[in-house]
Amino acid sequence: MQRTTQYARLAQSLVTGRGFSTSTSKSSNDKIVASVVFERLPVVIPKVDPAVYAFQEFSFRWRQQYRREYPEAFLKKSDTRGKGDYQIEFEPAPRITEADKSNNQRSLQRALDQRLYLLLYGPTFGSPSGKSVWHFPEKVYASEKTLRECAESALKSVIGDLSHTYFVGNAPMGHIVIQPAEAEQGINSFKRFFFKSQVIATNKFNIKMCEDFVWVTKEELLEHFPEQAEFLNKMIIS
């Protein structure tokens with residue numbers, strides 16, 4: 001019983017010491033921001049890299065030389081099955097959509113073979129003089145029980161409903177210390193924790209609480225954050 005009590009005290013001290021406690025005694029300058037990397041996965045299979053295609057072709061030909069060769073009469077039996085008067089005609093959907101042609105970055109119907117990420121334009125915590133900047137959906141950690149709940153609240157305030165989202169894991173995918181651009185703001189450096197969430201079974205959201213928004217590829221995303229490009233490039237695996 002005594003050992004159990006000691007473990008409980010140790011766990012409580014660790015949680016409080018790491019700054020994840022919801023206690024109001026935490027310093028007002030010790031700010032933590034939960035950001036959401038909201039991702040739409042590829043809708044169509046991306047084109048195979050030429051090197052990968054060459055290897056697959058070589059592997060297929062190599063395996064073929066060791067496979068049993070069946071008689072021609074046996075193989076022709078499959079041709080006689082399922083023959084009838086019906087005929088199915090279909091035309092595959094094009095990879096290049098109207099959104100691609102017009103470069104409509106507000107649409108999810110673009111870059112179907114790549115991952116897209118949601119960015120918002122507007123004032124956010126730590127932006128210079130409260131100016132509008134590009135940023136992820138985010139919220140300052142306050143009274144939530146966990147950072148994950150804070151991230152969910154941040155995304156919900158933007159899209160209104162989380163029924164078409166899936167948060168990947170409970171732990172953040174990465175974090176970075178942000179230095180404010182202007183010292184006269186009275187804001188000390190703060191930590192920004194990133195959580196990954198993915199789009200599920202929809203191709204349109206009612207985005208609000210911002211001046212503008214875009215769905216961008218990883219390469220386009222890095223162009224919006226040149227100072228953090230190296231960190232984001234390592235954190236976001238696509």
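A polar contact is a pair of N or O atoms within 3.5 Å; within protein, one atom must be able to donate a hydrogen and the other to accept it. The side chain of glutamate 220 makes such a contact with the backbone nitrogen of threonine 217, at 3.0 Å. The model discussed here is predicted. Its chain has 238 residues, and 31% of them count as buried. Seven helices and eight strands make up its list of elements, written as 7 helices and 8 strands.

**Overall build**

- The chain holds 7 helices and 8 strands.
- A search of the whole structure finds 10 salt bridges.

- Glutamate 220 sits in helix α6, which covers residues 218–224.
- The relative accessible area of glutamate 220 is 18%. Buried means under 20%, so glutamate 220 counts as buried.
- Two polar partners are recorded here. The side chain of arginine 110 meets the side chain of glutamate 220 at 3.1 Å. The backbone nitrogen of threonine 217 is reached at 3.0 Å.
- Leaving out residues up to four places away in sequence, glutamate 220 touches Gln105, Arg110 and Trp215.

**Salt bridge: glutamate 39 and arginine 115**

- The side chains of glutamate 39 and arginine 115 form a salt bridge, with 2.9 Å from N to O.
- Glutamate 39 belongs to strand β1 (residues 32–40), while arginine 115 is in the loop between α4 (98–102) and β2, so the pair ties together parts that are 76 residues apart in sequence.
- Glutamate 39 is buried, at 1% relative accessibility.
- Arginine 115 is partly exposed, at 25% relative accessibility.

**Salt bridge: arginine 192 and glutamate 138**

- Arginine 192 and glutamate 138 also meet through their side chains in a salt bridge, again given as 2.9 Å from N to O.
- Arginine 192 lies in strand β7 and glutamate 138 in strand β4; the pair links distant parts of the chain, 54 residues apart.
- Arginine 192 is buried, with a relative accessible area of 9%.
- Glutamate 138 is buried too, with a relative accessible area of 16%.
- Arginine 192 is among the residues closest to the centre of the largest pocket. Glutamate 138 is among those nearest the centre of the second largest pocket.

**Salt bridge: lysine 234 and glutamate 230**

- Lysine 234 and glutamate 230 form a salt bridge at 3.7 Å, N to O.
- Both residues lie in helix α7 (residues 229–235), 4 residues apart, about one turn of the helix.
- Lysine 234 and glutamate 230 are both exposed.

**The largest pocket**

- The largest pocket holds about 540 Å³ of space.
- Its lining has 24 residues; Ile178, Arg192, Phe225, Glu227 and Gln228 are the closest to the centre.
- By type, the lining of the largest pocket has 13 nonpolar, 8 polar and 3 charged residues.

**The second largest pocket**

- The second largest pocket has a volume of about 240 Å³.
- It is lined by 19 residues, and Pro123, Thr124, His135, Glu138 and Met209 lie nearest its centre.
- At least two lining residues come from each of β2 (116–122), β4 (138–140) and α5 (147–159).
- Helix α5 gives the most to this lining, with 4 residues.
- The lining of the second largest pocket divides into 11 nonpolar, 5 polar and 3 charged residues.

**Alanine 171**

- Alanine 171 is in the loop between β5 (165–167) and β6.
- The relative accessibility of alanine 171 is 53%. Exposed means over 50%, so alanine 171 counts as exposed.
- Threonine 146 is 25 residues from alanine 171 along the chain, and their C-alpha atoms are separated by 9.8 Å.

Key
Residues numbered from 1 in each chain as written. Predicted model: local features only at pLDDT ≥ 70, side-chain atom pairs only at ≥ 80, totals over all residues. Heavy atoms only, no water. 1 Å grid on protein atoms, 1.4 Å probe; cavity = no way out; pocket = protein on both sides within 12 Å on 5 of 7 lines; lining within 4 Å. Points joined across faces, edges and corners; volume = space filled by probe spheres on them. Nonpolar A, V, L, I, M, F, W, Y, C, P; charged D, E, K, R; others polar. Buried < 20%, exposed > 50% of the residue type's maximum accessible area, 1.4 Å probe, protein only. Contact = heavy atoms within 4.5 Å. Salt bridge = Lys/Arg side-chain N within 4 Å of Asp/Glu carboxyl O.
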